[in-house]
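Colleague: Could we go through this one together, with the terms spelled out as we go?
Modeller: Gladly, here it is.

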Amino acid sequence: MIYCEGLVKIYKTDDLEVVALQGLNLTVEKGELMAIIGNSGSGKSTLLNTLGGLDRPSAGQVKVGPWDLLKMTEEERVSYKRDTVGFIWQNNARNLLPYLTALENVEMPMMLSGKLDRAYAMQLLEWVGLKHRIHNKLHQLSGGEQQRVAIAISLSNRPELLLADEPTGSVDTATSDMIMNIFRKLNKEIGVTIVIVTHDMTLASQVDRVVAIRDGLTSTEFVKHNPEIGSHGEGFVSLSAHTSQNEHVAYVVVDKVGRLQVPREYLKSMDIKDKVLMEFDGEKITIRAPHKVQTEE
Ligand code: ADP
Ligand code: MG
């Protein structure tokens with residue numbers, strides 16, 4: 001469903017260039033429910049906005065289904081946004097209309113694209129648990145209920161890919177659990193591929209796979225532990241320090257040319273700055289801090 005390789009996004013302001021994505025790699029299979037985790041400023045929203053066709057990538061490869069996001073024309077971008085992706089934000093003020101009912105809000109994008117389907121709009125509201133609220137105006141609903149209307153709206157164009165940027169960022173834990181349950185149900189029942197961006201590590205246990213991004217690069221990957229497959233997938237290195245956190249196994253991502261990112265804490269505690277000694281004994285690779293400079297005798 002998604003293929004990014006060496007994805008670069010540079011924001012240019014008057015006298016400044018911010019490299020928000022520095023050559024990011026990411027593959028998401030059709031039908032996956034996965035999360036992207038990272039600290040504030042790590043490039044999560046940039047990645048999602050790029051995947052959603054809201055931001056233009058600067059370089060590298062980004063493909064979503066048959067679409068090449070770097071090469072698409074403006075016209076193609078408009079129909080891509082309308083037909084292929086659904087978007088959910090932390091703050092949904094930007095796509096909810098407070099004086100319309102929940103049902104009217106879900107029907108609005110359908111009307112705009114000339115495909116009004118009331119039965120489907122009602123079905124969507126039922127899926128998000130708001131069957132009894134369809135005729136309430138948006139401003140009469142709680143924040144969590146409004147977020148569920150936003151999920152229904154995001155699906156109104158029957159997208160193949162749902163992108164959610166911090167969807168549980170401003171709701172309490174109970175509502176957050178409910179929203180995650182809705183995502184799981186939608187993923188299972190209509191097969192929509194879902195990518196959730198969050199800085200909340202506790203959401204990790206509720207999805208199949210988590211990819212961590214750091215400084216605009218994918219760094220670590222957590223995969224639900226499956227004893228039958230074993231813990232060593234192709235292209236990954238287990239990061240054992242994290243394995244006991246939950247039922248996920250953590251891997252350091254190795255890119256196509258063999259680069260991997262060593263966690264900053266490790267480098268710091270080893271006092272490693274710009275180079276290391278690497279040894280391979282036929283079984284394992286050891287990374288050590290360089291020897292102190294030796295003076296010639
Ligand atoms: P996150 O969502 O993980 O918090 P963002 O993707 O929003 O991170 O931001 C990544 C980096 O890009 C940050 O340094 C941010 O300041 C910068 N950035 C994001 N959007 C813009 C923009 N429109 N113009 C300039 N810089 C931006
Ligand atoms: Mg963000």
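Modeller: A definition to begin with: patches are made of residues with over 30% relative accessible area and no salt bridge, where like charges are joined within 9 Å and nonpolar side chains (Val, Leu, Ile, Met, Phe, Trp, Tyr) within 5 Å. Accessible areas come from the Shrake-Rupley method with a 1.4 Å probe, and for residues only the protein chains shown count as cover. This is a predicted model, in which local features need pLDDT of at least 70 and side-chain atom pairs pLDDT 80 or more, while totals for chains, interfaces and linings use all residues. Residues are numbered from 1 along each chain as its sequence is written, chains are lettered from A and ligands numbered from 1 in written order, and side-chain values use heavy atoms, without hydrogens and water.

Colleague: Which elements give two or more residues to the nonpolar patch?
Modeller: Val276, Met278, Phe280, Ile285 and Ile287 make a nonpolar surface patch of about 510 Å². Helices (H or I, at least four residues) and strands (E, at least two) are DSSP runs numbered from the N terminus. The elements giving two or more residues are strand E13 (277-280) and strand E14 (285-288).

Colleague: Is Ile285 buried or exposed?
Modeller: Ile285 lies in strand E14. Buried means under 20% relative accessible area, exposed over 50%, and partly exposed in between (1.4 Å probe, protein chains only). Ile285 has a relative accessible area of 55%, so this residue is exposed.

Colleague: How far apart are the closest N and O atoms of Glu279 and Arg288?
Modeller: A salt bridge is a side-chain nitrogen of Lys or Arg within 4 Å of a carboxyl oxygen of Asp or Glu. Glu279 is partly exposed at 39%, and Arg288 is partly exposed at 31%. Their salt bridge brings the closest N and O atoms to 2.3 Å apart.

Colleague: And which residue forms a salt bridge with Asp281?
Modeller: The closest N and O atoms of this pair are 3.3 Å apart.

Colleague: How are H3 and H4 oriented to each other?
Modeller: Helix H3 (residues 102-112) and helix H4 (residues 118-127) pack with their axes 9 Å apart, at an angle of about 125°. Axes are lines fitted to C-alpha atoms, for helices over the stretch in contact, and angles run from 0 to 180 degrees between N-to-C directions. Angles under 35 degrees count as roughly parallel, over 145 as roughly antiparallel, 65 to 115 as roughly perpendicular and the rest as oblique. H3 and H4 are therefore oblique.

Colleague: Which residue forms a salt bridge with Arg118?
Modeller: The closest N and O atoms of this pair are 2.6 Å apart. The pair links distant parts of the chain, 11 residues apart, with Arg118 in helix H4 and its partner in helix H3. The partner is Glu107.

Colleague: Where does the chain take a positive phi just after H1?
Modeller: Helix H1 (residues 44-51) is mostly covered, with seven of its eight residues buried. Among them are Leu47, Leu48 and Leu51. Just after H1, a positive phi of about 80° is taken by Gly53.

Colleague: How far apart in space are Gly60 and Ile10?
Modeller: Gly60 sits in strand E4 (residues 59-64) and is partly exposed at 32%. In sequence, Gly60 and Ile10 are 50 residues apart. In space, C-alpha to C-alpha, they are 12 Å apart.
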